[in-house]
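Me: I have a structure open and would like to talk it through piece by piece. Can you take my questions as they come?

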Amino acid sequence: MFQTIPRAPLILGLAGLLPFLWGALTVLVPDLGLWTAQTLGPRFAGPYVMLFYGAVILSFMSGVLWGFAAWATGTLATTGYALSVIPALWAFFMTGGGPTSAGMNLIFGFAGLLLLDLQFARWGLAPAWWMPLRLLLSAVVIACLAVGVFL
């Protein structure tokens, strides 16, 4: 499955998981979280790094979907553009209210993004390797966010 993903998107996608993995690690290892908060600032520890970065990534993914929509024409293009703004709007409107609700909303946001990815792939607007990459990245992101919400 992963052999079909081009090297650059795979490496960059995996590198993009680092803030999520770091955030989850600082939740699981409280001393590391304390050190991070004292050394780098609290925004870079625990659920906070995952929440901030998660909102950024949902917004980034809106741009990716917009790019896919640009390959379409007519009604499909219009539908694609309309759907592509949902992740950014979700991040903007749904990440307030404290870390637990923001984390849950990001989990739902990334799950919904995966459904949008699937739809764009079904329309033939995403490359064939897109869904294997998105499944891998989304699973890790959602698992890390779950650590921040539930532990």
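Me: Where does UniProt place the feature "transmembrane region"?

Reply: The unreviewed UniProt entry places that feature at residues 50-69 and 133-150. Please keep in mind that what we are looking at is a predicted model.

Me: What do residues 50-69 look like here, helix or strand?

Reply: That span is 100% helix and 0% strand, and its end C-alpha atoms lie 28 Å apart. For residues 133-150 the model also gives 100% helix and 0% strand, with 26 Å between the end C-alpha atoms.

Me: OK, switching to salt bridges. How many are there?

Reply: The count comes to 1 salt bridge. The side chains of Asp117 and Arg134 meet in it, at 2.7 Å from N to O. This pair links distant parts of the chain, with Asp117 in helix α7 and Arg134 in helix α8, 17 residues apart.

Me: Are those two buried or exposed, starting with Asp117?

Reply: Asp117 is buried, because its relative accessible area is 0%. Arg134 has a relative accessible area of 6%, so Arg134 counts as buried too. As background, side chains of opposite charge can pair when their charged atoms come close.

Me: How far does α7 reach from end to end?

Reply: Helix α7 has 24 residues and reaches 34 Å from its first C-alpha to its last, which is close to the 34 Å expected at 1.5 Å a residue. Just after α7, Gly124 takes a positive phi of about 80°.

Me: Let's go to α4. What does Phe68 touch?

Reply: Phe68, which lies in helix α4, touches Phe120, Leu125, Ala126, Pro127 and Trp130, leaving out residues up to four places away in sequence. Phe68 itself counts as buried, because its relative accessibility is 10%.

Me: And Ser62, buried or exposed?

Reply: Ser62, found in helix α4, counts as buried because its relative accessibility is 7%.

Me: What about Trp129, where is that?

Reply: Trp129 is in the loop between α7 (99-122) and α8 (130-150). Setting aside residues up to four places away in sequence, Trp129 touches Thr4, Ile5, Pro6 and Pro9. Trp129 and Val141 are 12 residues apart in sequence, and their C-alpha atoms are 19 Å apart in space.

Me: New topic, the surface. Which residues form the nonpolar patch?

Reply: The patch is formed by Trp22, Leu25, Leu28, Val29, Trp35, Leu40, Phe44, Phe150 and Leu151, which together have about 900 Å² of accessible area. The largest share, 3 residues, comes from helix α2 (residues 18-28).

Me: Last one, Arg43. What does it touch?

Reply: Arg43 touches Tyr48, Val49 and Phe52, not counting residues up to four places away in sequence. Arg43 lies in the loop between α3 and α4, and with a relative accessible area of 46% Arg43 is partly exposed. Arg43 and Gly23 are 20 residues apart in sequence, with 9.8 Å between their C-alpha atoms.

Definitions and conventions
Residues numbered from 1 in each chain as written. Predicted model: local features only at pLDDT ≥ 70, side-chain atom pairs only at ≥ 80, totals over all residues. Heavy atoms only, no water. Patch = residues over 30% accessible without salt bridge, like charges linked within 9 Å, V, L, I, M, F, W, Y side chains within 5 Å. Areas by Shrake-Rupley, 256 points an atom, 1.4 Å probe, with all protein chains shown as cover. Salt bridge = Lys/Arg side-chain N within 4 Å of Asp/Glu carboxyl O. Helix = DSSP H or I, 4+ residues; strand = E, 2+ residues; numbered from the N terminus. Contact = heavy atoms within 4.5 Å. Expected span 1.5 Å × (residues − 1). UniProt positions renumbered as here; feature names shortened; annotations may be inferred. Buried < 20%, exposed > 50% of the residue type's maximum accessible area, 1.4 Å probe, protein only.
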